Amino acid sequence: MAFAGILKDEDIAAAIKDCAAADSFNYKTFFAKAGLSAKSADDIKKAFFVIDQDKSGFIEEDELKLFLQNFSAGARALTDAETKAFLAAGDSDGDGKIGVEEFAALVKA
């Protein structure tokens with residue numbers, strides 16, 4: 001489990017189940033249910049590096065689309081609308097991707 005030692009499996013399962021329907025993903029609800037919002041800055045950075053699949057130092061749109069699958073292999077991909085809304089919420093400097101500081105701010109939003 002990629003988030004072992006950071007998040008509890010049962011919290012992740014509840015958060016994934018909560019947004020199983022298309023267009024039901026809400027990052028604030030997800031981060032709260034998964035327990036990430038309550039974590040330390042270090043744990044949030046660890047989570048960022050799990051989600052940053054290509055290790056570029058940024059979470060790009062294609063990685064956001066598959067965001068839920070980082071938490072649970074069987075989870076759905078985000079819809080285009082969800083992905084774009086998630087990116088818009090997190091990309092505070094307008095470069096089209098989410099850096100580690102932007103991600104931390106998004107989790108704590």
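**Close-up A. Helix 3 and helix 7 cross right-handed.** In this predicted model, side-chain atom pairs count only at pLDDT 80 or more, local features need at least 70, and totals for chains, interfaces and linings use all residues. A crossing is right-handed if the near helix is turned clockwise from the far one by less than a right angle, left-handed if anticlockwise. The two axes, of helix 3 and helix 7, come within 10 Å and cross at roughly 115 degrees. Ile44, Lys45, Ala47, Phe48, Phe49 and Ile51 of helix 3 meet Val100, Glu101, Phe103, Ala104, Val107 and Lys108 of helix 7 (contact: heavy atoms within 4.5 Å). That set splits into nine nonpolar, no polar and three charged residues.

**Close-up B. Helix 3 (residues 41–51) and its buried residues.** Asp43, Ile44, Ala47, Phe48, Val50 and Ile51 are the buried ones (under 20% relative accessible area; exposed is over 50%, with a 1.4 Å probe and protein chains only). Looking down the helix 3 axis, they sit within an arc of 160 degrees, so they line one face. Over on the other side, Ala41 and Asp42 are exposed. The cover for the buried residues includes strand 1 (58–59), helix 4 (61–65) and helix 7 (100–108).

**Close-up C. Helix 1 (residues 9–18) packs with helix 2 (residues 27–34).** Their axes lie 7 Å apart at an angle of about 155 degrees, which makes helix 1 roughly antiparallel to helix 2 (over 145 degrees). Helix 1 supplies Asp11, Ala14, Ala15, Ile16 and Asp18 to the contact, and helix 2 supplies Thr29, Phe30, Lys33 and Ala34. Residues are numbered from 1 along each chain, and side-chain values use heavy atoms, leaving out hydrogens and water.

Note on methods. Axes fitted to C-alpha atoms, helices over the stretch in contact; angles between N-to-C directions. Helix = DSSP H or I, 4+ residues; strand = E, 2+ residues; numbered from the N terminus. Parallel < 35°, antiparallel > 145°, perpendicular 65-115°, else oblique. Arc of directions from axis to C-beta. Nonpolar A, V, L, I, M, F, W, Y, C, P; charged D, E, K, R; others polar.
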